[in-house]
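Please keep the sequence and the model in view while reading.

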Amino acid sequence: MTAPAPRPAATPRTALVTGAGRGIGRGIALGLVRAGWSVALVGRTRSHLEETAARCAELVPPGSAVPRVVVATADLVDRAAVAAAVAEVERAFAPVGGLGLLVNNAGVIERTEVDFVRDDPDDTWRVIETNVRGPLLVTHAVLPGMLARGGGYVVNINSGSGHRPSPSYTGYGISKGALARVTTLLDHQYAARGVRVLDVAPGVVATDMTGAMPVHDDRTEWTPVEATAELVDAFGSGRLDALSGRFVRAGTDTVAWLTHHTEAILAADARTLRLATLGADDPIG
């Protein structure tokens, strides 16, 4: 029987959220500040990040030294820019123990809602590159510090599109399936060294991106972004350690439900992307 992975070392309540200038990223950042986290807001557009920072500051009690709010700009597919932004964040959080939680939220979707043949393959690739290369670069820059400190947490904002078929948004589905594999692989490589990784799907949140998608034109029910922030906070706080490497979905999965069903999830080895085999006799099993 494999020994359980060690709990991460006392993890600082500091988080880096990518794509924090708008939408889900802004909602996660605000939720983490409400929960007492210091946050670093990272993205391309400083004006959007500063707007989020101002809203975060409104949640901090007057005169409080924590939580802190840091802003760093970077094009997340530019390796040098990402390295510089992460270094800036690490310097800002060094007095409080460094970076404890990374939330890879930034992402894009195709400009048109069409099937693959009718789409522009350059736009398909733009989506894949942004949604996969971005998290890869940021995580690659963050991991050495976490490993040196004995642990940390990484949340990849994923989607059911990564494992379900879809008539459109091909690049988005490819990118989220690839991101699920990133989660599985990094958990396998680093859980024993105290770094835990989780896929969190936010459901369908009302944002500028979803509002522009024809598939949602008739939607009347939306997932509150606070549900995602709650799951991110719970994971970064160590309350969902056993589910590392797996997939959870805001709006349907609550912290209480996941905690109650953890043993069943582990027994079934559920909530992870894999190839379904024919059974024990399948030669590729």
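A residue is called buried here when its relative accessible area is under 20%. By that criterion the buried residues of helix 7 are Val225, Ala227, Thr228, Ala229, Leu231, Val232, Asp233, Ala234, Phe235 and Gly236. The model is a predicted one, and its chain holds eight helices and seven strands.

**The chain as a whole**
- Of the 285 residues in the chain, 49% are buried.
- When contacts between residues at least 6 apart in sequence are considered, 70% of them join residues at least 24 apart.

- Helix 7 is mostly covered, with ten of its twelve residues buried.
- The cover over these buried residues includes helix 1 and helix 8 (255–267), together with strand 4 (101–104), strand 5 (152–157), strand 6 (195–201) and strand 7 (247–249).
- At 1.5 Å a residue, the twelve residues of helix 7 should span 16 Å, and this agrees with the 17 Å that separates its end C-alpha atoms.
- Just after helix 7 comes Gly238, which takes a positive phi of about 90 degrees.

**Helix 1 against helix 7**
- Helix 1 (residues 23–34) and helix 7 (residues 225–236) have axes that come within 8 Å and cross at roughly 55 degrees, and the two helices are therefore oblique to each other.
- The crossing in which helix 1 passes helix 7 is right-handed.
- On the helix 1 side the contact is made by Ile24, Gly27, Ile28, Gly31 and Leu32, while helix 7 contributes Val225, Thr228, Ala229, Val232 and Asp233.
- Sorted by class, the residues of this contact between helix 1 and helix 7 are six nonpolar, three polar and one charged.

**Helix 4 against helix 5**
- Helix 4 (residues 121–149) packs with helix 5 (residues 170–190) at an angle of about 20 degrees, their axes being 8 Å apart.
- Helix 4 and helix 5 are therefore roughly parallel to each other, since angles under 35 degrees count as roughly parallel.
- Helix 4 passes helix 5 in a crossing that is right-handed.
- From helix 4, the residues Thr124, Val127, Ile128, Asn131, Val132, Pro135, Leu136, Thr139, Leu143 and Leu147 meet Gly171, Tyr172, Ile174, Ser175, Lys176, Ala178, Leu179, Val182, Leu186 and Tyr190 of helix 5.
- The contact of helix 4 with helix 5 comprises 14 nonpolar, five polar and one charged residues.

Conventions. Residues numbered from 1 in each chain as written. Predicted model: local features only at pLDDT ≥ 70, side-chain atom pairs only at ≥ 80, totals over all residues. Heavy atoms only, no water. Axes fitted to C-alpha atoms, helices over the stretch in contact; angles between N-to-C directions. Helix = DSSP H or I, 4+ residues; strand = E, 2+ residues; numbered from the N terminus. Parallel < 35°, antiparallel > 145°, perpendicular 65-115°, else oblique. Left-handed = near helix turned anticlockwise from the far one by under 90°. Contact = heavy atoms within 4.5 Å. Nonpolar A, V, L, I, M, F, W, Y, C, P; charged D, E, K, R; others polar. Expected span 1.5 Å × (residues − 1). Buried < 20%, exposed > 50% of the residue type's maximum accessible area, 1.4 Å probe, protein only.
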